[in-house]
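Please report on the aromatic contacts, the surface and the strand pairing of the protein shown here.

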Amino acid sequence: MLRRLGAVQLDTISVLARSHELVAYARLGAVPRARVERAYWGGGTFEYWSHAACVLPAQEWPMFAFRRRWFRARGQRWHKVGQETCDEVLAALRANGPMTVSDLGGARRTAEWWDWSDVKVAVEWLLDIGEVVCARRKAWKRIYDLPERALPAELVAEDPDDATCLRRLVGQAGRALGVATVGELAEYHRLLQDQVRGVIADTELVEVGVEGWRARAWAHPDALAAVGARGRHRTTLLSPFDSLVWDRGRTDRMFDFHHRIEAYVPAPKRVHGYYAMPLLAGGRLRGRVDPGRDGTTLVAKRVSCDPDAVDAMGAALREAAEWVGCDAVAVQAVDPPALAAPLRAAVG
């Protein structure tokens with residue numbers, strides 16, 4: 001799944017589960033959460049800056065060399081980095097093996113989230129430029145290590161030029177998206193559109209026109225081969241950070257569905273809720289729910305869906321509840337209100 005998507009976004013928010021777990025759940029079904037965590041952090045992956053902070057297949061380490069070089073050329077993060085502290089961090093990792101930032105000396109100078117200690121600044125800078133890698137997390141803490149110890153030697157030895165990196169990432173984004181505009185291909189790994197334009201002709205993507213789209217698009221050959229075929233579909237709830245809905249404009253155009261992550265919106269201005277999860281059913285986005293938990297009850301605090309998607313929403317809520325260890329579902333506000341009774345009946 002991770003190799004096919006290319007990147008799975010990480011996020012600190014955990015409602016039913018953390019976002020990277022939800023991405024796997026949406027595609028693979030109710031795989032036990034502990035098994036999902038072991039698969040992500042049990043080897044063969046690393047964490048780096050893609051669309052955001054993402055877990056990535058280890059095979060992609062060489063392809064982010066362009067970004068590591070960019071960080072190094074820029075010379076610093078938003079904090080200034082002391083070389084002496086960087087040297088001390090590297091020496092500690094060489095001597096002691098993998099370490100968390102707490103092991104290295106602490107994350108913060110004060111209780112403020114932004115007030116990083118010198119050690120935290122240094123180790124994050126070393127992560128940016130590739131002298132340190134995060135290949136696993138434990139209790140949501142990054143565990144830092146040296147690339148030559150955490151990754152296969154042949155991958156660490158590769159040093160492709162920027163054009164090679166970009167061709168690979170643009171092609172990978174095209175495969176994950178199926179068909180996309182230049183802007184959407186760029187957004188997948190947070191590239192510049194000029195970077196995409198500079199390499200796209202040398203990828204396997206094919207330029208196409210899509211009925212109703214103003215911009216020209218690029219399609220992956222696998223997507224073109226599948227035109228007219230009926231794919232496999234799951235009825236499921238999606239993380240609001242799922243790559244299917246990363247690009248708000250694309251989501252609106254592809255699914256006629258306006259997606260906004262409201263966790264960062266002041267509570268009085270929220271329309272759909274803090275962690276509104278889209279409902280995927282029959283290959284379409286048919287509604288959303290803002291979930292919560294009360295003991296072993298999954299609470300659907302705010303639900304909205306198409307009238308003919310009530311049964312799908314009920315099924316999705318039941319399956320999600322069972323997956324996270326809940327034995328009941330409570331439905332609160334429903335929009336439109338006329339769907340409240342049938343939805344509660346569908347939930348059972």
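## Surface, aromatic contacts and strands

Leu-224 is partly exposed, because its relative accessible area is 38% (buried means under 20% relative accessible area, exposed over 50%, and partly exposed in between, with a 1.4 Å probe and protein chains only). The model is predicted, so local features need pLDDT of at least 70 and side-chain atom pairs count only at pLDDT 80 or more, whereas totals for chains, interfaces and linings use all residues. Residues are numbered from 1 along each chain as its sequence is written, and side-chain values use heavy atoms, with hydrogens and water left out.

Leu-224 belongs to helix H13 (residues 221–225); helices (H or I, at least four residues) and strands (E, at least two) are DSSP runs, numbered from the N terminus. Together with Val-206 and Val-227, Leu-224 makes up a nonpolar surface patch with about 250 Å² of accessible area. Such patches are made of residues with over 30% relative accessible area and no salt bridge; like charges are joined within 9 Å, and nonpolar side chains (Val, Leu, Ile, Met, Phe, Trp, Tyr) within 5 Å. A salt bridge is a side-chain nitrogen of Lys or Arg within 4 Å of a carboxyl oxygen of Asp or Glu. Accessible areas come from the Shrake-Rupley method with a 1.4 Å probe, and for residues only the protein chains shown count as cover.

Gly-42 is exposed, at 66% relative accessibility, and is placed in the loop between helix H3 (33–41) and S2. Its C-alpha is 7.3 Å from that of Arg-136, although the two are 94 residues apart in sequence.

The whole structure holds 9 aromatic pairs. Rings of Phe, Tyr and Trp (its six-membered ring) pair if their centres lie within 6.5 Å; planes under 30 degrees apart count as stacked, over 60 as edge-to-face and the rest as tilted. Two of the pairs are tabulated.

| Pair | Type | Centre to centre | Angle between planes |
|---|---|---|---|
| Tyr-25 and Trp-323 | stacked | 4.3 Å | 20 degrees |
| Phe-46 and Trp-61 | edge-to-face | 5.3 Å | 75 degrees |

Tyr-25 is in helix H2 (residues 19–28) and Trp-323 in helix H15 (residues 310–323), so their pair ties together parts 298 residues apart in sequence. Tyr-25 is buried at 2% relative accessibility, and Trp-323 is buried at 10%. The charged end of Arg-234 sits over the ring of Tyr-25, 5.3 Å from its centre (NZ of Lys or CZ of Arg must be within 6 Å of the ring centre and within 35 degrees of the ring normal).

Phe-46 and Trp-61 are in one aromatic cluster with Tyr-48, Phe-64 and Phe-66. Phe-46 is buried, with a relative accessible area of 0%, and Trp-61 is buried at 4%.

Strand S10 (residues 277–281) has 5 of its 5 residues buried. Met-277, Leu-279 and Ala-281 cover one side, and Pro-278 and Leu-280 the other. S10 pairs antiparallel with strand S9 (residues 236–237) over 2 bridges and with strand S11 (residues 284–294) over 5 bridges; two strands pair if DSSP finds at least two bridges between them. Leu-280 stands opposite Thr-236, and its bridge partner in S11 is Leu-285. The hairpin of S10 and S11 has 2 residues between the strands, and Gly-282 takes a positive phi near 65 degrees there.
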